[in-house]
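Let's take a walk through this structure together. Have the sequence and the 3D view open, and follow along one region at a time.

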Amino acid sequence: MSLENIIAKSIKENNNPIGFDVFMNQALYHQEFGYYRSNKTIFGHKGDFITSPEVSDLFGFCLARQCKQVLDGGDILEFGAGSGILAAQTLFELGRLKSLPKKYFIIELSAKLRFTQKETIKKILPELLDRVEWLTELPKEFKGVVIANEVLDAFPVKRISFSNGNFYEMGVDFIDGKFKWVKLNEPLINPIIPSSVDFQEGYTTEISLQSGAWIKSIYGLLTEGTVLLIDYGMTGPEYFHPQRSQGTLKCFSKHKSNDDPFIDIGKQDITASVNFSNVASSAKDCGFEISGYTTQSMFLISLGIDDYLKNEESEEKRAKIAQEIKQLVLPGAMGEVFKVLALSKKQSLKLEGFKELDLTNRL
């Protein structure tokens, strides 16, 4: 049975459309056929999209410098570690900085990705493999640094549309052999949307209700430490800008994007940009301190990404590093699309990654 059939059957059996968050959850995380549980190659040049650690080791090296500043005897916990390359980069550089954590925990639900991560780390850092521990659920308590690189954008979202002065949830129905958008009847009470915006009829966007619950669970297990959230997204006012009237929903396959989540179900990534104002607000409600918000570009520059170029003696390697840095920091590449938000609990350090530019006041 295909994933399309499974989702269609659940709609027909309940005789009701489902919320888009339910559809997205099945498409990405279905036990057998979900995109992130499948056997296909997802990350890197041979996959569907490239993340910053796949672009250059320097991304993980800079992140390691930020970790070093706040570790203080703690460990590292990474969510959804992709191919495992970020863990390898971070551990390698922390080793060089003589600041290795006792443990590097990875929370990964996909058995295939756990295997890939283990192979990556074994190949690059066999001597540190015993420091890495894979978990399938949250630890009871944790002290140290939590890393979530491109995790929030994969949380299932609700799709909503403005009509006659109210926002309505857009559901997914299965009609005449096809998945279709349908408007659910009840207006949404209190969606996470600024009341100051004058929305036009038909304005469509996404809201993430799961990210707040996830942040709360992190706060609950963290005894002391810093959470680094790295993702593509923007502040609330930018997110709900009148020009963004079709929302931020995107699908990715073989490095091409489209806006149709109803094709290639389970075979393409489905994602939405992160509303960092909303994430910061949820974090403050739990008790977190917001200890920095900036662009990926300024985060990496603050942590000395240029040093790696200056210290490289080989001309050939310098040219390669210069290209990688451009990809990570230039506004037209990843530099300004991606943001970094830091949350702290019982930690009052001024974080190095935000010394050049801190945009927390824009949240």
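## A guided tour

Let's begin with helix α1, whose buried residues are Leu3, Ile6, Ile7, Ala8 and Ile11. Buried here means under 20% relative accessible area, exposed means over 50%, and partly exposed is in between, using a 1.4 Å probe and protein chains only. Helices (H or I, at least four residues) and strands (E, at least two) are DSSP runs, numbered from the N terminus.

Before going on, a word about what you're looking at: this is a predicted model, where local features need pLDDT of at least 70 and side-chain atom pairs count only at pLDDT 80 or more, while totals for chains, interfaces and linings use all residues. Residues are numbered from 1 along each chain as its sequence is written, and side-chain values use heavy atoms, with hydrogens and water left out.

Back to α1. It covers residues 3-14, and its 12 residues reach 17 Å from the first C-alpha to the last, close to the 16 Å expected at 1.5 Å a residue. (That expected span is 1.5 Å times one less than the number of residues.) The cover over its buried residues includes β1 (18-19), α2 (20-29), β7 (166-175) and β8 (178-187). After the helix comes Asn15, with a positive phi near 55 degrees.

Next, look at the rings. The structure holds 25 aromatic pairs. Rings of Phe, Tyr and Trp (its six-membered ring) pair if their centres lie within 6.5 Å; planes under 30 degrees apart count as stacked, over 60 as edge-to-face, and the rest as tilted. Phe61 and Tyr308 make a tilted pair, 5.6 Å centre to centre with 45 degrees between the planes. This pair links distant parts of the chain: Phe61 is in helix α4 (residues 57-71) and Tyr308 in helix α11 (residues 305-310), 247 residues apart. Phe61 counts as buried at 10% relative accessibility, and Tyr308 counts as buried at 11%.

Tyr232 and Phe338 form an edge-to-face pair, 5.5 Å centre to centre and with 85 degrees between the planes. Tyr232 lies in strand β10 (residues 222-234) and Phe338 in strand β16 (residues 338-345), so this pair ties together parts that are 106 residues apart in sequence.

A charge sits over a ring if NZ of Lys or CZ of Arg is within 6 Å of the ring centre and within 35 degrees of the ring normal. Arg159 lies over the face of Trp181, at 5.1 Å from the ring centre. Trp181 belongs to one aromatic cluster with Phe20, Phe23, Phe174, Phe179 and Phe262.

Now for the inside. A nonpolar core is a set of buried Ala, Val, Leu, Ile, Met, Phe, Trp, Tyr and Cys residues joined through side-chain atoms within 4.5 Å. The largest one has 44 residues, of which Ile76, Tyr104, Ile106, Val145, Ile147, Leu300 and Leu328 touch the most other members. Helix α4 gives the largest share of this core, nine residues. Which residues is Val145 in contact with, leaving aside its neighbours within four places in sequence? They are Cys67, Val70, Leu71, Asp75, Ile76, Leu77, Thr226 and Leu228, where contact means heavy atoms within 4.5 Å.
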